[in-house]
Amino acid sequence: QQSIASNVVNYIGKTIEGPSNQAPLVNGAMKASYNLSAAAAGVTIAVKDGSGNIVYSKVGDTTAGVHEFDWDGKDSNGIQQKDGTYSLTVTALGADGATVDTSTTVFGKVTGVTTTNGDTTLLIGNIGIPLKKATADETLLVWNMNDAPLTAGHGAPVRALVGGWYG
């Protein structure tokens, strides 16, 4: 348990990606992505402030798959918004008017770590990302080595390689 705790602290200061509809605006910039389960006829991305007011919206890409969303922190009138936590809503409709399933992920630097009932959460400001659902930019999942499946001695069946960590 101590080893896990000390390794998790190494995430502080690292940029991660994790599932959330809450996203941090830091130094006037936000980075997120959204996934469409199928192609859509129309996609709208809305950014809401802490009171639920839409401060920015735009039309999004409609093809199935993952799409990046970067926001410069300016509202629809070009006024820079304060750094803080904003919510993202992605609305996608198919040609038949039916809702297309969407999901969002956010990117940010880890500022802290909490553990409750054995579940570790990485914090991006006040946004919690479960450790088991977070990925760091420099993390790779590996199942082969030298064109052969990993052996038990090398972490089979799959091993996470995290830059700067050994173990």
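## The whole chain

Start with everything shown: of the 167 residues in this predicted model, 31% are buried. Switch to cartoon and you'll have one helix and 16 strands to look at. If you put a surface on, its accessible area is about 10,000 Å², with 52% of that belonging to carbon and sulfur atoms.

## The four-stranded sheet

Now pick out the open sheet, whose four strands come in the order β2-β7-β4-β5 with antiparallel pairing. Select 22-25 and 54-59 for β2 and β5: these are the edge strands, and each has a single partner, so one side of each is left without a neighbour in the sheet. Look along the sheet and you'll see a twist that averages 30° from one strand to the next.

Zoom in on β4, residues 42-48, which runs antiparallel to β5 and is joined to it by five bridges. Show Ile45 here, and you'll find Lys58 of β5 opposite.

## Into the core

Which residues have the most contacts inside the largest nonpolar core? Select Ile16, Met30, Val43, Val47, Phe69 and Trp71, out of 28 residues in that core. Strands supplying at least two core residues each include β3 (30-36), β6 (65-71) and β7 (84-93).

Finish on Trp71. Leaving aside residues up to four places away in sequence, Trp71 touches Leu25, Gly28, Ala29, Met30, Val47, Val55, Tyr56, Gln81 and Tyr86.

Terms used
Residues numbered from 1 in each chain as written. Predicted model: local features only at pLDDT ≥ 70, side-chain atom pairs only at ≥ 80, totals over all residues. Heavy atoms only, no water. Pairing = 2+ DSSP bridges. Axes fitted to C-alpha atoms, helices over the stretch in contact; angles between N-to-C directions. Core = buried A, V, L, I, M, F, W, Y, C linked by side-chain atoms within 4.5 Å. Buried < 20%, exposed > 50% of the residue type's maximum accessible area, 1.4 Å probe, protein only. Contact = heavy atoms within 4.5 Å. Areas by Shrake-Rupley, 256 points an atom, 1.4 Å probe, with all protein chains shown as cover.
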